[in-house]
Amino acid sequence: MIRKLAAEDVVWRCPDSWIPKPDSTAVKPATTIVAQDRAVEAIAFGLGMHGIGYNIFVTGLSGTGRLTTIKSFVERLAEGEVRPDDVCFVFNFRKPEEPSALFLKAGAGCKLKDGMDDLVRELSENLPGILNDKDFRSRIERAVEPLQRQERELTEAFEKEVKEAGFSLVQVQAGLVTRPEVLPVVDDKPVPLEQLSALVEAESLSSEEVERLQELHGELTERLRDVFQEVAEIRRSAQHRVEDVRRKLLEPAFDDAVNRIRKVVDDERADQYLEAVGQDLAENLELFMVSDEDIPGDMDRFLRWRVNVVVDNTDLSGSPVVMETEPTYTNLFGTVERTLTQSGEAVTSFMRIRAGSLMRANGGFLILNADDLLMEPRVWPGLKRALKYRRVQIQSIESLVLGASVLKPEPVPIKVKVVVIGSRSIYDLLFRYDTDFSKIFKVLADFDNVLRASKTHAKDLLSVWRKVTEEEDLPEMERSGMAAMLEEAVNMGSWRRRFSIRFSDLSDLLREAAYQARSAEAVMISREHVAAACTARRRRHSLSEDRSHELIEEGVIRVETTGSVVGQVNGLAVYDLGHHRFGKPSRITAQVGLGREGVINIERQAGLSGPSYDKGVGILTGFLRGTFARRAPLAMSCSVTFEQSYGGIDGDSASSTEVYAILSALSGEPLRQEVAVTGSVDQHGNVQAIGGVNEKVEGFFRVCKTQDLTGGQGVLIPEANVEDLHLEAEVAAAVAEGRFHVWAVDTIEDGIELLSGKLAGEWDEATGWSEGSVYGACQRRLDDMVRLMRQAAKGDGRTFEGKSGEDDESDEPVEDS
C-alpha cells in the first residue's frame, strides 16, 4: 500500500497542553539528574556496595549527564563519611632503602611533621652547648678516667720493658701515616734492623749480638701488637662508656621532646616510630656537632628525622572526591623524584616520595576518563593491580622502564571506589578481551541518550533548561520558545517519539537562542529565536554541504529531478561529519545483459563498499532469485553502482533503490526521476527502516528547490520510518502546499508501482507473472536471456545448468549470489 503523507505526518508539533503558562518562570529548576533512572540506580548500587571489585564503569554519549550525575552522587555520599587517615613516609632506621609508611588520623600528619622539625631545630641549637658544657665534659672525663689510666699504665709498662731490653719505641713514617716501631739502641741511638749487618761488617757488633737483637725484636714486636690491641679495646670501651654517659645524661631531654610530640599527635600508631627516633637521636649525636658548612652540597644532615606527609586530609570535611583529568602513571600512582647534585649525580630520599591521585582518593572516590586512562602507557595494568591487590606501590616511571630503583617505599593499602567514564564500545572491548576487567568493574551504569516523548518528560527537560537559565542569567522563554525547544529535542533525538537527552547540546541550543533574543533586544526567547539559533548553527557547520549541493546545481554532479529514465533511480545517502549531518542524492544506475555473474557490485569491486553495503547487495540478490528464479535460473549479468561517487559507502539503506533500478533495467520501464528513494529490503521484498530519514528528505528537497519545484517531486520512504519524520519548517510547508511530497511504502511492489506507474504484477502458478506488469516484463526478459544463453552454450559445445520445465541439466552453475 502506498501512503501519501500529510503535513501533520512529516513534522512533530509539541502539544499545547505540555507547555506551562504563562512562560518558563512557571517551571521549577531541576535539582537532580532527570531521565536517567536506570543509570542512577546502578550508580547508587555501586557506590553503596563495599565488596571487592564493585567499582563502576559509566557508559553513554557525552552530554547525557554522566559526569554531573557521578559528581553529585559521590559528593553527597562523601559529606557523611569519616575523614580518612593522613599518609606519611618516614626514615626506616633498620632498612634505609625501604622508607616506612605511617598512617595517622586526619590532621595528625602535619602535626608530626612540624613536631619533628621543631625537635631537630631545638636540638641543633641546644645540644652543641650542652655537649661542650664544662660540667657535662667533666662527667664524661670522670667516667672514662679509669680506662685512660689503665691505658697509660699499660703503655708505660711496655715502654719500660722495651727500654730494659735495649730497645726504643719510635714513630716511623710509612707513606702519609706514622706507625710505632721497636728498634734496637746502639751507641744510644735507635738503629733499623736492616742496618745491623753494616755494623757487623764495621766490627761494631758481633754476629751473635745481632742474632740476639733480632730475636728480641721479634718478641717485642709481637708484644707491641698485643699491647696495641689491648689499647684499642680500652679505647673502644672508653667510647662506649662516653656514649652511655651521654645517653644517660641526654635521655631525659630526648624523652621529654619525643613525649611532647606524642602528646600533640595523639595517635598511638606514631608511638613505635617516636621510640625509634629517641634511640636514633642518641646514636647519632655527632650530626649535631658539625655545621652545615661541613655537609657537601645542599644535603640535609637531619634528613633521617624528617617526616614526608604525602596525603594531608586536614581540610577535608568527609571522604575525598578526586577527579583525575590527566591520569599519567606519575599523576595516578605517585613517584619518587630525583634531584641533581652539583656533580651531576641523581640523588633521592624518602622526602622525595610523592603520592598520586589513587592514594589521595584513599577512603573516598576516584573519577577517571576511560579514553585518557587507556592512552597512557602502563596506567591500565597498574590500575588493575592496585584494585586487585588493594594497595599502591609508589615507584618512579624510570625505575619501571630501566628496572633499577634506589628506594622501594612500603606499599600503601587502599580502599577506594573507582568510577571510570567511557563509551559503551570501550566497555564491551574490555569486558570481552580483558579477563580481569569483569572482576574489578562489576557495576555498569549505562546512560541513555534518548527519552520517550511525553508530558512528564517534557516537564523534566524544561526544568533542566530552567536551571541553566537561572545559573547563567539567560532570558526566560515564552510558551512558543518552550515548544520550539522541545521540538528541537525531538529533532536531535532523530525519532518523533523520543526526546534527545544530551543535555550539553540542548543547553547550548538554549544559550544560542538567548543570544539571538538579546541581539533582537527581545525580553524573552520565542520560537523565532530558537529557529534563528538553529539556522545560524547550521550555517556555521554546513560549508561541506553547500559545496556538495553547488556541484549538483552547476551540473558537475548529475541529479535529474524531472522526466523518466530506464535503469536509473535517485538514491539518498547521509554524510556524517561528526559536527554536521546532511543528506545528498546520487544517481543509482543498473545495466543488465547476458552473462552468468548475477548482480555485480561495482563499489565492492572498486574496494569502496563496507560490509553492510555488501550484505545489502547479497540480500537483494536473494529477493531477485526468489521472485524470478522460480522456473528458470537467474541467468543474467547486472551491474549496479552509485554514479559519481568516489568515496567509501556503507549501510544497506540503498538496497531497495538498487532493486528498483534493476527491475527497471530488466523490464525496460522508465522510472520517475522526480522521486528519490531510500529504504533497505529483505529477501521477501519488504521495505525496512533506515537511519537519517530526515536528512535524506531535506537533502533531496534542497536539490529540487534549486532546480525548481514542479509539484510532483518527493521522496519514497519505508512505512516504518514515518514516526521518525520531523522535517524542517520549509519542507513541511512545501508538503502542506502540495509542492513536495513524501510517500511511505511497505513492499517493493508498492514502490515500483509508484515509480513506474504500472502494477508490479500478480503471480500465477500456471502462467507466471501477470501480463502488462513490471514483474511480467522482467520475467520475459529473463526467459529470453536464458534461451539465448542456452543457444550460445549449444553453439560452442558447452552445456547449461538449470531447470525450466525441460530435461536440460549440466554440472556448472550459472548464477552468482
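User: Buried means under 20% relative accessible area, exposed over 50%, partly exposed in between (1.4 Å probe, protein chains only). Which of these classes does Lys-113 count in?

Analyst: This is a predicted model, where local features need pLDDT of at least 70, side-chain atom pairs count only at pLDDT 80 or more, and totals for chains, interfaces and linings use all residues. Residues are numbered from 1 along each chain as its sequence is written, and side-chain values use heavy atoms, with hydrogens and water left out. Lys-113 has 29% relative accessibility, so its class is partly exposed.

User: Which residue meets the side chain of Lys-113 in a salt bridge?

Analyst: A salt bridge is a side-chain nitrogen of Lys or Arg within 4 Å of a carboxyl oxygen of Asp or Glu. Helices (H or I, at least four residues) and strands (E, at least two) are DSSP runs, numbered from the N terminus. At 3.4 Å, N to O, the partner is Asp-117.

User: What is the N to O distance between Arg-260 and Asp-256?

Analyst: Both residues lie in helix α6, 4 residues apart. Arg-260 is partly exposed at 39% relative accessibility, and Asp-256 is partly exposed at 42%. Their side chains meet in a salt bridge, N to O, at 2.7 Å.

User: Which residue meets the side chain of Asp-271 in a salt bridge?

Analyst: Asp-271 is partly exposed, with 23% relative accessibility. The N to O distance of the bridge is 3.1 Å, and the partner is Arg-262.

User: How many salt bridges does the structure hold?

Analyst: Some are linked: Arg-538, Glu-545, Asp-546, Arg-702 and Glu-728 form a network of salt bridges. The total for the structure is 49.

User: Which side chain of opposite charge is nearest to Lys-696?

Analyst: Lys-696 sits in helix α23 (residues 693-706). It is buried and has no salt bridge. Lys and Arg count as positive and Asp and Glu as negative; His and the chain ends are not counted. The nearest opposite charge is 7.9 Å away, on Asp-652.

User: Which serine does Lys-696 touch?

Analyst: Contact means heavy atoms within 4.5 Å. Residues up to four places away in sequence are not counted. Lys-696 touches residues including Leu-572, Val-574, Thr-678, Ile-690 and Ser-653.

User: How are α4 and α6 oriented, roughly parallel or roughly antiparallel?

Analyst: Axes are lines fitted to C-alpha atoms, for helices over the stretch in contact, and angles run from 0 to 180 degrees between N-to-C directions. Angles under 35 degrees count as roughly parallel, over 145 as roughly antiparallel, 65 to 115 as roughly perpendicular and the rest as oblique. The axes of α4 (residues 134-164) and α6 (residues 207-265) come within 9 Å and cross at roughly 175°. That makes α4, relative to α6, roughly antiparallel.

User: How many nonpolar residues has the contact of α4 with α6?

Analyst: Ala, Val, Leu, Ile, Met, Phe, Trp, Tyr, Cys and Pro count as nonpolar, Asp, Glu, Lys and Arg as charged, and the others, Gly among them, as polar. The contact has 3 polar and 8 charged residues, and its nonpolar count is 19.

User: What is the phi of Arg-378?

Analyst: Most residues other than glycine have a negative phi. Arg-378 lies in the loop between α10 (370-375) and α11. Its phi is positive, near 70°.

User: Which residue is joined to Lys-21 by a cis peptide bond?

Analyst: Omega is about 0° at this bond.
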